[in-house]
Amino acid sequence: MPPLFTRSPLNPILTTTDRWWESRSVFNPGVAVVDGRVALVYRAVGGDGLSRFGLAWSRDGEHIDERSELPFYEAALDDPYARLGVEDPRITPLDGQFYLTYCKASVDTADTPPLYWETAPFRVRTGIGLTRDFQSMVEVSSLLPQANTKDGLLFPERIAGKYAALVREFPNIQYLTSPDLHQWSEPVTVLEPISGTWEGERIGAGPPPLRTPWGWLLLYHGNEYLRPRNERMYSMGMALLDVDDPTRVLYRHPDPIFRPEAPYEIAGPVGNVVFGTGLVELDDRLVLYYGAGDGVIGVATADRTALYALLRQGLG
Ligand code: BMA
């Protein structure tokens with residue numbers, strides 16, 4: 001089978017600049033189509049090692065035409081949950097506005113034990129922000145304010161009348177709902193890592209799910225530990241969730257659909273990483289935006305018919 005996703009010949013489409021706040025790395029963009037243009041809100045790491053969001057625009061989805069001089073968003077200096085900044089935004093269009101979900105990162109007190117792979121006891125929360133016009137964003141709430149979570153996103157439609165979300169409270173992807181973005185239901189596990197495979201270590205939702213005729217298409221990342229090289233690899237996988245009850249997994253593709261292969265994915269500040277966080281439909285293509293090697297941004301395109309055929313085949 002030919003590869004499902006084809007990399008743009010322009011890759012990497014976005015790289016660092018000499019502006020201090022995005023001089024170290026730019027990666028993991030949230031993406032949305034806004035008045036016919038593609039907006040990318042991306043994670044930018046600067047000379048101070050902190051994460052902020054930059055904003056870039058593209059007319060054709062691959063050439064960057066415009067880029068913000070200053071960060072699009074940075075955490076308030078006195079926010080104790082974002083001492084290391086904000087990371088990995090996802091963008092969800094809903095009710096004629098755009099919600100951003102992102103990881104707020106800080107470090108817990110020194111007497112807190114870190115998770116086994118962590119270099120410090122990171123304290124992570126999922127923030128929810130709102131923008132109408134991409135001039136500015138305001139934080140409106142957070143997903144499960146008391147829990148350590150990453151990879152949070154909102155579905156682009158209400159489900160059974162409620163806001164619907166996915167989040168990763170280590171190590172699983174969970175589903176939860178809210179009437180108002182403030183009170184959250186008890187999370188229900190949707191997908192777990194599969195030990196000994198490409199998604200054996202941990203998994204997390206990628207871009208906000210896309211509605212297909214058969215269910216929600218969820219692209220997600222999986223992390224595997226390559227013992228002989230003492231390295232980790234992040235690839236992208238695909239699942240289909242029931243439209244009305246996304247805790248029902250209708251199909252999970254066994255193999256990764258996108259793996260680190262290009263030099264800018266294999267090298268970089270963290271090598272062997274493709275981390276997809278944006279997905280848009282442009283004509284008959286599904287266009288995936290991803291962080292590569294935690295250093296730059298790439299784009300890869302799948303033919304919708306081919307991807308749908310794979311889903312249908314999986315559904316049997
Ligand atoms: C995750 C997040 C992402 C990053 C990925 C690969 O835990 O920190 O921002 O792209 O690891 O390093």
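This is a predicted model: local features need pLDDT of at least 70, side-chain atom pairs count only at pLDDT 80 or more; totals for chains, interfaces and linings use all residues.
Residues are numbered from 1 along each chain as its sequence is written. Local features need pLDDT of at least 70 and side-chain atom pairs count only at pLDDT 80 or more, while totals for chains, interfaces and linings use all residues, and side-chain values use heavy atoms, with hydrogens and water left out.

Colleague: How many nonpolar, polar and charged residues are in the shell around the ligand?
Modeller: The residues around the ligand are F27, N28, R43, D88, K150, Y234, V270, F275 and D294. Ala, Val, Leu, Ile, Met, Phe, Trp, Tyr, Cys and Pro count as nonpolar, Asp, Glu, Lys and Arg as charged, and the others, Gly among them, as polar. By class the shell has 4 nonpolar, 1 polar and 4 charged residues.

Colleague: At what distance does a polar side-chain atom of R43 lie from an oxygen atom of the ligand?
Modeller: For N28, an N or O atom of the side chain is 2.9 Å from a ligand oxygen. For K150, the distance from a polar side-chain atom to a ligand oxygen is 3.1 Å. For R43, the corresponding distance to a ligand oxygen is 2.6 Å.

Colleague: How much of the ligand's accessible area does the protein cover?
Modeller: Accessible areas come from the Shrake-Rupley method with a 1.4 Å probe. On its own the ligand has 310 Å² of accessible area, and the protein covers 84%.

Colleague: Which residue's side chain does the side chain of E201 contact?
Modeller: E201 is found in the loop between β13 (188–191) and β14 (202–205), and is buried at a relative accessible area of 15%. A polar contact is a pair of N or O atoms within 3.5 Å; within protein, one must be able to donate a hydrogen and the other to accept it, and residues adjacent in sequence count only if both atoms are side-chain atoms. At 3.0 Å, the partner of E201 is R232.

Colleague: Why does W214 count as partly exposed?
Modeller: W214 is found in the loop between β15 (210–212) and β16 (215–226). W214 counts as partly exposed because its relative accessibility is 26%.

Note on methods: A residue is near a molecule or strand if one of its heavy atoms lies within 4 Å of it. Helices (H or I, at least four residues) and strands (E, at least two) are DSSP runs, numbered from the N terminus. Buried means under 20% relative accessible area, exposed over 50%, partly exposed in between (1.4 Å probe, protein chains only).
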